[in-house]
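Thanks for making time for this.

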Amino acid sequence: MGGRADPACWSRRALLAGIGGTGALALTGCGPARRGRDNTLVVGLTYDLDTLNVYSTGFLGDVEAAVVEGLLAPDEHARYVPVLATEVPTLANGGIQLTDGGKGMTITYKLRPGVLWHDGQPFTSADVEFTWRAVKNPAFIAESKDGTDEIVAIETPDPLTVICRYGRVSPTFATTLFTFGILPRHLLEGVDLNTAPYNERPIGTGPFRVTAFKRGQYVLTERFPNYWRRDASGRRLPYLDRLIFKIIPNSNTLMTQIRSGELDLVTQTPYDQAKQMRGMPGVELLRAPLLSWQHLDFNMRNPLLADRRLRLAIAHAIDREPLVRAQGGFPIPIQSPVVPVFDFFDPSVRAPAFDPATARRLLDEAGFRPGSDGVRQRGADRLAFRFLVQSGKGNDELAQQVIIAQLKAIGIDAFADNRTGVAYRQARYTGQYDLNYANWVTGADPIYSRFYATKGSNNGQKYSNPALDRILQAMEGTLDPAERRCQGFAMQRILLHDLPSIPITSNVAVVTKRAGLAGFTPNPTNMTPFVGCAFWRWQA
């Protein structure tokens with residue numbers, strides 16, 4: 001068949017040819033000897049990329065985490081560790097000080113000396129202060145501006161000191177802003193961040209620098225030779241010479257390329273493919289925890305779905321066990337949007353139980369009767385809903401079909417209206433759906449106001465409850481663990497009463513990697529495992 005070549009079919013040789021002079025490397029086979037020659041890691045991404053600006057993207061920042069660094073980052077245990085800062089600020093070490101009678105706080109960061117941007121310019125405190133101003137700027141269309149409004153001023157008394165003054169206590173400061181990445185002031189001052197070339201060729205301080213970005217196809221990166229980090233023996237990192245990211249949303253193609261040797265690593269293997277990887281020579285399968293949960297969201301713009309009785313009926317129609325079985329037994333059924341690992345998880349809250357008889361009764365009471373085709377309707381109102389998931393995500397598409405069948409059993413017609421990549425993101429955030437099945441991945445200190453507050457940056461449902469807004473503000477405005485836990489319990493009770501979203505399962509990351517790749521550690525947070533990619537290496 002003629003036309004443009006399938007981006008997923010780009011070979012390792014062709015991709016390496018895009019990196020200056022390396023296309024002549026012999027790349028046949030997939031054994032350790034070849035690894036030693038090209039020292040390249042090829043990664044399969046299961047999603048498209050909208051931008052490489054970490055503050056603009058609506059997707060996971062795997063590529064960005066290899067290129068751009070923040071002051072702190074969560075490690076494999078979801079504990080914050082210093083990166084461009086020399087230590088994590090705490091009350092105990094004096095990095096955090098309460099002000100204004102405990103209503104505000106000051107955080108001081110000491111920065112790491114000798115750090116260079118990819119263009120050779122020194123990294124300084126001026127870059128940190130600029131990042132705050134740039135992301136906060138109303139003209140900049142960011143995915144999230146969380147953490148910007150809480151800061152009222154930043155002082156930079158010297159190139160390696162940053163003093164952030166907060167108008168209120170912010171226990172989630174490490175989850176926001178300066179953890180995701182610092183922007184280079186010398187390149188972006190006075191530049192429109194919405195259209196800047198930086199968005200396709202970001203300059204960072206990380207172990208790898210971007211050399212090419214072909215939308216829908218790949219991102220090429222190469223080792224930054226002046227990266228600041230060294231290993232225990234004093235060797236400058238990273239160990240790898242190149243990271244290649246291939247964009248392959250189709251799960252079947254993804255697995256075909258793992259088998260053929262075209263891919264070396266997939267950090268989120270689709271569940272339906274994972275079992276097929278077991279026992280494959282030279283391939284390892286790792287099961288790693290994730291601070292993530294699957295949920296079925298309702299678009300509250302739809303007047304039918306704004307009726308809680310209908311949302312409750314749908315919740316009673318959902319049977320989680322078939323969803324788990326259909327996905328290889330990997331997900332774990334949950335009752336709350338709070339992943340059980342957190343101390344503010346309330347084990348006493350329960351989502352509506354699977355009870356199709358109750359679901360039908362609720363629909364009867366709301367006046368919806370089965371039509372000749374079995375779909376319920378009330379006058380001109382027919383229970384037929386657009387059901388959105390991200391195309392190419394095998395796990396979600398499989399779960400969607402199970403849920404469609406479960407809703408059909410109570411007289412609701414949910415029909416797939418799936419979108420790819422950027423189109424999916426736009427639909428999700430602008431409400432171009434009725435039902436949406438997806439997942440959220442949080443940081444080590446989750447900010448639930450992003451998802452459920454009236455003005456939450458990720459609240460594309462238009463859900464609003466002023467009482468919940470106040471609870472979220474209190475929860476995210478205290479350093480007292482007991483108070484935060486109390487408010488977290490209240491948050492869960494409201495969410496499971498209102499049901500703007502039905503929590504379905506908690507996820508795990510199934511990592512598929514070549515056995516020869518050493519130093520890889522999973523990361524359960526939204527910072528992804530690539531925050532540790534400087535330490536990855538091929539074994540001889």
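**Domains, strands and helix pairs**

The protein chain is divided into domain 1 (56–197) and domain 2 (292–506), with bounds that come from an automatic or database domain assignment. Please keep in mind that this is a predicted model, in which local features need pLDDT of at least 70 and side-chain atom pairs count only at pLDDT 80 or more, while totals for chains, interfaces and linings use all residues. Residues are numbered from 1 along each chain as its sequence is written, and side-chain values use heavy atoms, with hydrogens and water left out.

Taken over C-alpha atoms, the centres of domain 1 and domain 2 are separated by 32 Å. Between them, 19 residues of domain 1 are in contact with 20 residues of domain 2, contact meaning heavy atoms within 4.5 Å.

Let me turn to the strands, which, like the helices, are DSSP runs numbered from the N terminus (helices H or I, at least four residues; strands E, at least two); two strands pair if DSSP finds at least two bridges between them. Strand β6 (residues 151–158) pairs with strand β7 (residues 161–166) in the antiparallel sense, over five bridges, and a hairpin of two residues joins β6 to β7. Asp158 stands opposite Thr161 in β7.

There is also an open sheet of three strands, in the order β14-β15-β16, with antiparallel pairing. Because β14 (369–370) and β16 (381–382) stand at the edges with a single partner strand each, one side of each is left without a neighbour in the sheet. Strand β15 (residues 376–378) is joined to β16 by two bridges, and Gln377 has Arg382 as its bridge partner in β16.

Now to the helices, where axes are lines fitted to C-alpha atoms over the stretch in contact, and angles run from 0 to 180 degrees between N-to-C directions. The axes of helix α8 (residues 308–317) and helix α10 (residues 356–365) come within 7 Å and cross at roughly 160°, which means that α8 is roughly antiparallel to α10, a term for angles over 145 degrees. The contact involves residues including Leu310 and Leu312 of α8 and Leu362 and Leu363 of α10; by class, the contact of α8 with α10 has eight nonpolar, two polar and two charged residues.

How far apart are the axes of helix α14 (residues 466–475) and helix α15 (residues 481–498)? The axes of α14 and α15 are 9 Å apart, and the helices pack at an angle of about 155°.

Terms used:
Angles under 35 degrees count as roughly parallel, over 145 as roughly antiparallel, 65 to 115 as roughly perpendicular and the rest as oblique. Ala, Val, Leu, Ile, Met, Phe, Trp, Tyr, Cys and Pro count as nonpolar, Asp, Glu, Lys and Arg as charged, and the others, Gly among them, as polar.
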